[in-house]
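Here is a briefing on one protein structure.

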Amino acid sequence: MDLLDVKTINEAINLQVKVMEEIPLKKKILLETKNSLGYILASDLVSRDDLPSFRKSTMDGYAIKYKDSQGASDTIPTILRIVEEIEMGSEPKCRIENGEASKIYTGGMLPEGADSVIPIEFTEKFSNDLISINKPIVFMDNVIDIGEDSSKGDLYQRSGKIIDPKTIAMAASLGYDKIEVYDKINCKIISTGDEILPVSSELYPAKTRDINSYMLYSLLNSMGINVVSMKHLKDDKEIIRKELLEDIDLIIVSGSSSKGKKDFIPFIAKDLEPGLIYHGISIKPGKPTSLSLNNKTIILGLPGNPISAYTVFKCVFQKAYNRYYNIEDSLKIKCRLVRNIHAKSAKTLIQLVDIERREDELIAIPIFGFSNNISLLKKVRGYILIDEYSEGLRENEYVWVSLIK
């Protein structure tokens, strides 16, 4: 394959998905629910029971028949006899008949015969077993009915969800002490370049700190990918080649992916098996991106400039990863553009934007700057894809913005 035989953004995404499917990367494992944070859910989370499984009080008060409260007022209260106090977590012992009440607490189980709960502040206790009611209530007032939260078989969460604390809470409420997840893929991050310094280093002329390794580490972790190592390599072809031969699921390299004399990744990849999948995507920023395969190890070569690397990662790699694992894509919102965007080159333009609310609408503010200016990330809220055949977008045009977390 010739170097920089560029692919469209959709071709690049499709090729990555195809490679992931052919390896394949999906390996299901069973994990304890409490230890599943950050993994990808591999099967639907479905309710095993009607929830709640009993009629539940939503407040402290008395379980009654609602008709017994009809006509009650401050001047003419209704008198009811208390037949029991229902302890939390206990089943009621007494059935409620006309003229009776059981004391109940928030979350407690309603007794047979009761169809509502009157709040304690609408009552007055004037003997050990008598209360007065001074306000009427309606049927099922202050009660959650059986199955009102969810019915047996209800879908709570589809497979493909990256598990967060809310998912763990839902799984626990449904009785899952273990859940099926996809095992995390293992990744190695490599940054290349003689100009790169450790982040703790003092800066001096012609050098820059290793931004990309830290950026990629956090992006990968947020997606449920296990980063096993981060390395910085000098621009040495043989050292880089040796690192690319490691048997691991994924290697991401920032830098060394263009067509300069020290950009070795595409040349090394041509000698691997099956080798280079593509070199170059018709996008701006991020054209010098490569995808290769060494046996079952995916090698993604990203541009060295931080903004280009970030943009390609979000718009190509993560897009393909989400599609492969059936992860819900980022939300898109409609915004009004505040200025013209010119698309001069025959490439898909990935335009980063800030988003503001002005009066009753959302505004997209294009972010312009050089792709090695990391300060641009301070403002990024989303991006717009502008087709390679488009001449750009006009001020006040409404556009769809893909949100970036």
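**Aromatic pairs and clusters**

Helix α6 (residues 306-325) holds both phenylalanine 313 and phenylalanine 317, four residues apart, about one turn of the helix. The model is a predicted one. A search of the whole structure gives six aromatic pairs.

- Phenylalanine 313 and phenylalanine 317 form a tilted aromatic pair, with 5.1 Å centre to centre and 40° between the planes.
- The angle of 40° falls between the limits of 30 and 60 degrees, so the pair counts as neither stacked nor edge-to-face.
- Phenylalanine 313 has 0% relative accessibility and counts as buried.
- Phenylalanine 317 is buried too, at a relative accessible area of 3%.
- Ring pairs tie Phe313 and Phe317 into a cluster with Tyr182, Tyr321, Tyr324 and Tyr325.

**A pair between distant parts of the chain**

- The ring centres of tyrosine 66 and phenylalanine 139 are 5.8 Å apart.
- Their planes meet at 70°, so this pair is edge-to-face.
- Tyrosine 66 sits in the loop between β5 and β6 (78-85), and phenylalanine 139 in the loop between β10 (130-133) and β11 (143-144).
- The two residues are 73 residues apart, and the pair links distant parts of the chain.
- Tyrosine 66 is partly exposed, at 22% relative accessibility.
- Phenylalanine 139 also counts as partly exposed, with a relative accessible area of 47%.

**Charges over rings**

- Arginine 48 lies over the face of tyrosine 176, 3.8 Å from the ring centre.
- Lysine 184 lies over the face of tyrosine 39, 4.7 Å from the ring centre.

**The six-stranded sheet**

- Six strands make an open sheet in the order β8-β5-β7-β6-β10-β9.
- The pairing in this sheet is mixed.
- Its edge strands are β8 (116-119) and β9 (123-127), each of which pairs on one side only.
- From one strand to the next, the twist averages 40°.
- Strand β5 (residues 61-64) runs antiparallel to β8, and four bridges join the two.
- Isoleucine 64 has serine 116, in β8, as its bridge partner.
- In general, strands of a sheet pair through backbone hydrogen bonds, either parallel or antiparallel.

**Helix α2: one buried face**

- Thr167, Ile168 and Ala171 are buried in helix α2 (residues 165-173).
- Seen down the axis of α2, these buried residues fall within an arc of 100°, so they line one face of the helix.
- Pro165, Lys166 and Ala172 are exposed on the other side of α2.
- The buried residues of α2 pack against β3 (45-46), β12 (155-157) and β13 (178-182).
- Just after α2 comes glycine 175, with a positive phi of about 90°.

**Helix α4: what covers it**

- Ile240, Glu243 and Leu244 are the buried residues of helix α4 (residues 237-244).
- Viewed down the axis of α4, they fall within an arc of 100°, so they line one face of the helix.
- Strands that cover the buried residues of α4 include β14 (186-192), β17 (226-233), β18 (250-254), β21 (290-294) and β22 (297-302).
- Helix α5 (265-269) is also part of what covers the buried residues of α4.

Note on methods: Residues are numbered from 1 along each chain as its sequence is written. This is a predicted model: local features need pLDDT of at least 70, side-chain atom pairs count only at pLDDT 80 or more; totals for chains, interfaces and linings use all residues. Side-chain values use heavy atoms; hydrogens and water are left out. Two strands pair if DSSP finds at least two bridges between them. Axes are lines fitted to C-alpha atoms, for helices over the stretch in contact, and angles run from 0 to 180 degrees between N-to-C directions. Rings of Phe, Tyr and Trp (its six-membered ring) pair if their centres lie within 6.5 Å; planes under 30 degrees apart count as stacked, over 60 as edge-to-face and the rest as tilted. Buried means under 20% relative accessible area, exposed over 50%, partly exposed in between (1.4 Å probe, protein chains only). A charge sits over a ring if NZ of Lys or CZ of Arg is within 6 Å of the ring centre and within 35 degrees of the ring normal. The arc is that of the directions from the helix axis to the C-beta atoms. Contact means heavy atoms within 4.5 Å.
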